[in-house]
Structures are given as structure tokens and as C-alpha cells.
Amino acid sequence: MRVLAAMSGGVDSAVAAARAVEAGHDVTGVHLALARNPQTYRTGARGCCTLEDSRDARRAADVLGIPFYVWDMADRFHDDVVDDFVAEYAAGRTPNPCLRCNEKIKFAAVLDRAVALGFDAVVTGHHARLGADGLLRRSVDAAKDQSYVLAVLTRAQLDRSIFPLGDSTKAEVRAEAARRGLAVADKPDSHDICFIADGDTRGFLAERLGEAPGQVVDALTGAVVGSHSGAYQYTVGQRRGLHLDRPAPDGRPRYVLSITPTTNTVTVGPAEALEVSDVRATRPVWTGGPRPDGPVECEVQLRAHGDVVPAAVEVDADGLRASLRRPVRGVAAGQAIVAYRPDPAGDVVLGSATITAA
Amino acid sequence: MAYLDHAATTPMLDEALEAYVATAREVGNASSLHAAGRRARRRVEESRERVAAALGARPSEVIFTGGGTESDNLAVKGVFWARRAARADRVRVVSSSVEHHAVLDAVDWLVEHEGAQAGLLPVDAVGRLDPERLRAELAEHGERVAVVTAMWANNEVGTVQPVAELAAVAAEHGVPFHTDAIQAVGQVPVDFAASGVSALTVTGHKLGGPTGVGALLLARDVAATPLLHGGGQERDVRSGTLDTAGIVAFAVAVEAAVKGQQEYAARVAALRDELVERVRQAVPEVIFNGDPADRLPGNAHFSFPGCEGDALLLLLDAQGIACSTGSACSAGVAQPSHVLLAMGADDDRARSSLRFTLGHTSTGADVDALIAALPAAVERARRAAALRTPR
């Protein structure tokens, strides 16, 4: 096959490209320029969008002996991921930009362009399994598993995707990179949100959304217990940084229960008030088989790196509803709910949707 | 492989390569006083004379440098500094909107760091400068202009400028005129003295010599403040141990390129015309850019409506065809060509462009390979471009 390997400059995508070459594919490497004003050097372990990363990717492509190009996706990324990220926070939700990037950029804008240019598939260094059965499964490396942020992909997108790393642990990938002479073998993992170089998400949002002072209200008493400078700075389940003026009457810690953009109010309450058992979600995809007619017993994951809980999931064309078998705390609108079917060969992604209410 | 990117760099001539290897085997620093040093010095000075003779300059006007970018920077910054030192309000630098970045960015640097004022001469739709615009510029700012710089021939669209006319206008006002002749030497007749320019940039690797060696021809009465300080090896204007082997090979290449220019230009222009004609047949909507008559013999430059040059390059590269989008890269991301924008092209047309440049090793088979691959590449690139969401 003629395949396009998306190469971030990190060790995973470099080894994924190497494995695609070894599998006999005709591989072309592409680095996606996502930042409008890229920094020259990486600072710490953040981000993946500096010129240094681009050069690392090019060097890896050289070592593999494959053509290499840089594709400018900065405008698309800005519109579909960064603006969306800001708008979601402004709407009181908690977005996952990696998921959105997969949905809109890597497996949409990039994949579509690749297909138009005559490529058959896109290869990435995501840690997830996608075998001949077409099912997306968790990586063997549970700590590095990225199936959660890939679960948004449709059948058509998965059919044109190759994830060569799903059967390997991160340690194995690094060892293989060293064996193959790839200089990125020891490169630190990237963390956090790639377009917020200093890791200061609040500051990033404040710059874009400005100050919007409002009240912090206690859910039990209805009393105003504090103020905030922007409701977008809060996430459901958050405990730290609330800066309440007065302690709650019951003396127990308070958590963010909900954010109401219309009134610019942050509602706080005790931990048990965070517990939800019923989750509703929109924009469902279902790739683990034919869409079921009735409830399906499965496990659901409600945030990246979150625990799974048993649930009964019902899905139709417009939405998804999950009845959790035990309550979960801190379920935030905007995050994805991903349904998995436990399987000894790797838990299978059944489907996913964007949480609207819990 | 069909190599259609000779304007980026062209293969070394056999005689230049042989001269390089033979000289590189010899020990000797041209600044040393002993026999080995004298031998190296002799090679350098013989080369200086050959370059001077080939380009219509005096040997004392040849300053060897590390290549085109250094020569351009030395001419623009060096002459600016020297002229401003003579008169403090002489801070205007006049260039054109289609210069290479080695000139444009040097001017920008002077503006940002040295208080210079930039005057930018426009071009017409084929990328050609109008000497009358320079006349008007100098009539307005004459005394305050430190240096005028305009390229002999454009590296992207191949348009050859009326350099002698421009130089004459500058001379009327007593302002030094520099020309970047990197793309011109060996392609069109270039004579330093006859052209009337005060400074001329030439580099080795565009004409069959090695990369990393070139020269600035600088008239004896034009002062330039050095960029590099040290031993003062080249007329106290340029320091650094002379690259004897590189200089020898450069001189061999310059001499050969100039000597063979007429025959070369006739052969390559005929091949280029065939390429243009066949591209037009294969892709009738294509737009041919640059001056149709006054252009470099090896240059063919097109816009492919509805395509992105980047996508075409990738697709042609996969078929073993090397060409260029001709545009500068910023962070590895192609920017729309400032040359095409200056010629009045819109962003889409600028981004849809590809440059094919022929050279001394080009054959009809290269053109055949391009024509065989081009229609399918254009078709695919169109499909890819159609995916772009309208903005």
C-alpha cells in the first residue's frame, strides 16, 4: 500500500513509520505544522510543534530512507481545535483537544488530502490496536493506551488508518528506536496540550476570553460563597483553586459541580454531589459492530486515563445514554464517553460520544 | 531521476571537480610565506584573474566569499555602512520587490537594527523592473540613498532585468548599484565593466562549481565595511582563510560557463521551449509566469490553477521528478511566493506555482518524464485542493 506516516518528531511516530516501511508499504513521511508561530526549540517536555520537532521528524525520515514533507495545517488546526477548545470552555464544557485533533485534523483533513493524493492509508504512532478484524482495541501498554482519543473515529476513518504500535509497550518502542538508530529514542514524552506551550491553560483561556467576573454558589444552601474571574477557568470535579470566601457550613471540602455560562455561575458542593449514574451524550459513533437495538452491557470510560465502570449503554443515531452500574464522580460535559467490550485480546472500542449531561 | 531544479543547484562540471580534488590534495595556506603557502597563493591569484577575465572585471575587484548569501550581505550591509559613515543621513536602501531573501532580509535587518529606510521598486506583471521608477526614487531621495540593489535575473520566474539601464540611472546620481547575478552568470552574457554596476554577486554552485564559494565583484572606488573581521585576507573587506581548492574549482567553472554560455543558452532554451509547449498541451489551463522573451534560458515557471504547488511537488517527486515551488520556506512550511505576489498574482495563484529549471545535464528524456507524470499529478492535486474549506 501507499501510506502516509504522520511524523510528529517523537519516538512513537518514528517507529510506527519504520514498521510501516518494514511491512512493505510505500511510505511517505509528513510532519504537520500546527502552530502558527512555532517556537524554535522545545522547552521541557511540552508540545510537539517546534521547528526542532520538525527537524527531528525529518531526520527520522532520512534514517528510514523515505520522502518527507511538512504540511501546513496551522489554519485548520487553529479553527477546528484551538478555537473549538476555547469555545467549549466558554460554553462551560471541558474539551479534549487531542480527540478533536484526531477527529478533525489527523484522520480528516490529513487523511482526506492523503487519499486525494493517491495514498491508501495514514499511519500514526498512536498506542492502540487495529487489526484485520477492523476493531479498535486498547494497547497492550495500559499506561500508554490511546484508544480513548481514537474512539471518535468512524468506520470509514478506521478503514484507512494503521496503528503499528498497539502490540508494543512504550519501553519496547524506545528500545526499537535505539536499535534502528533513530535519535529520538530517548526524547521525552510530550505532555499536556501542545498548543499551550507553558502549560498554563487558565492563562491561555483568560487571554482569549478575558475577565468575566461571576459568583460561586453553594449547591446545598444557594448562598454565594465566593467569586471568580471567569467561569471557563473551572472544570467539573475541580477542588483546588476555588478560593472560597467562606468555608461551607458543614466544614467539608467543596468541588465544582457545574458551570452555567448563561448566568456565569460556578456551582460547588460536597463530593457526593458529584456522583452521577446516568450519562447522556451526543454525536455518537459505533464501530465495534452493528449498532445495537437495545441496551448493551459494557464498560465505559468517561475521561482520558480515567477508570472504567460497568454500564448499560443505549445508542441511536442522535445520541448515547449510559446507566452506570456504580456512581462516578466528576463527569464533565465535553469529554468523551467511550464504551469498551472487555476482551482478553485487548478491550474492544464499541463506540463513543460527547458527554452533554450527567 | 529527472532533475529539473538546476536553479537550486546544478551538478559540478567534471573539470571543476577534477581541479577541486587536485588542489585539495595540496597543502598550503595562501597567507603563509613559505613555498607551500606561495603555491596556494598562486592558485588563488590565477583563479582571481580567470574570474575577472571571464566576467569583465579587474582582478583587484574580485573578492572571494563563502557564496551568494555572503556576497549579497556584504554588498548590501557593507556598502550601506561605508556610505552612511561618509554621511550620516544617507540611510536609504533601494531594492526591488522580487529580490532573493539574501538581499531582502539583509535590507530588513538594516531597517530593524541600523535605522535604515527601505525603498522598494515594484515590478510589472512579468516581474520586470522599470528604470524610470528608479529614476523617480533617486530624484526624490538621491543624496540620502546609500545603495541600490537589483538582481540581474530572477531566481523564481527567470525574468532578466534591464540591469545596465538601472545601473546607468544609479550612476547619474552617484549611488553605488549592486546586482545579484547568481542566476545570470553562464546563462546570459554578464560583463561587470560594461554593465556599469558597482558590485556584483556570483556563486559557484549555480554554474557548475562547488557550493560554499563565490565572489563579490566590487569596483575599486566603492568602499564596503566588512561583515567578518579577522585576517583581512580579501582586500581587508573579507576575512577568513582562503578556500584554495574551492576557489580554483569556482574559477574553472566560471570560465567554462561563460565561455560556453552562447552555445549552452541556445541548446537549453530550445529544450525549455519544448518543455513549455508540451506542458501547455498537457495542461491547457496552465499560466506561464515571467517575461516570455527576456528570461533565463533554463527557466520555465507555471501556475497550475486549482492545484497547490506543494501537492504537485510531492506527486512529481514520487515519480522521480525534482522541481521546486520556488517559494521560501518558513518553518518548513511553504509561503506564497513574494515574487508572484509582487507580480500581481493572488494568493491562490502564487501557491499553485511550480518552477522547472534546466541545466547543462538536461536532456529531452527529462522533459519526456515530466510530461508523462504531469497530467495525473495535476488531476490528483486538484482533487486535494478541492478539499480545502473555503475561508
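## Domains of chain A

Chain A splits into domain 1 (2–186), domain 2 (211–269) and domain 3 (276–357), with bounds from an automatic or database domain assignment. Taken over C-alpha atoms, the centres of domain 1 and domain 3 of chain A are 25 Å apart. Their contact takes 19 residues from domain 1 of chain A and 18 residues from domain 3 of chain A; contact here means C-beta atoms, placed from the backbone, within 7 Å.

On the domain 1 side, strand 6 (136–138), helix 5 (147–150) and helix 6 (155–158) of chain A each give two or more residues. Helices (H or I, at least four residues) and strands (E, at least two) are DSSP runs, numbered from the N terminus.

## About the model

This is a predicted model: local features need pLDDT of at least 70 and side-chain atom pairs pLDDT 80 or more, while totals for chains, interfaces and linings use all residues. Residues are numbered from 1 along each chain as its sequence is written, with chains lettered from A and ligands numbered from 1 in the order written.

## Strand 7 of chain B

Now over to chain B. Five of the five residues of strand 7 (residues 199–203) of chain B are buried, so the strand is largely enclosed by the rest of the structure. Buried means 20 or more other C-beta atoms within 10 Å of a residue's own, with C-beta atoms placed from the backbone. Ala199(B), Thr201(B) and Thr203(B) point one way, and Leu200(B) and Val202(B) the other.

Strand 7 of chain B runs parallel to strand 6 (residues 177–180) of chain B, joined by three bridges; pairing needs at least two DSSP bridges. Here Thr179(B) sits opposite Leu200(B). Five bridges link strand 7 of chain B to the antiparallel strand 8 (residues 214–218) of chain B, where Ala215(B) is the bridge partner of Val202(B).

Technical notes:
Buried ≥ 20, exposed ≤ 12 C-beta atoms within 10 Å, placed from the backbone. Contact = placed C-beta atoms within 7 Å.
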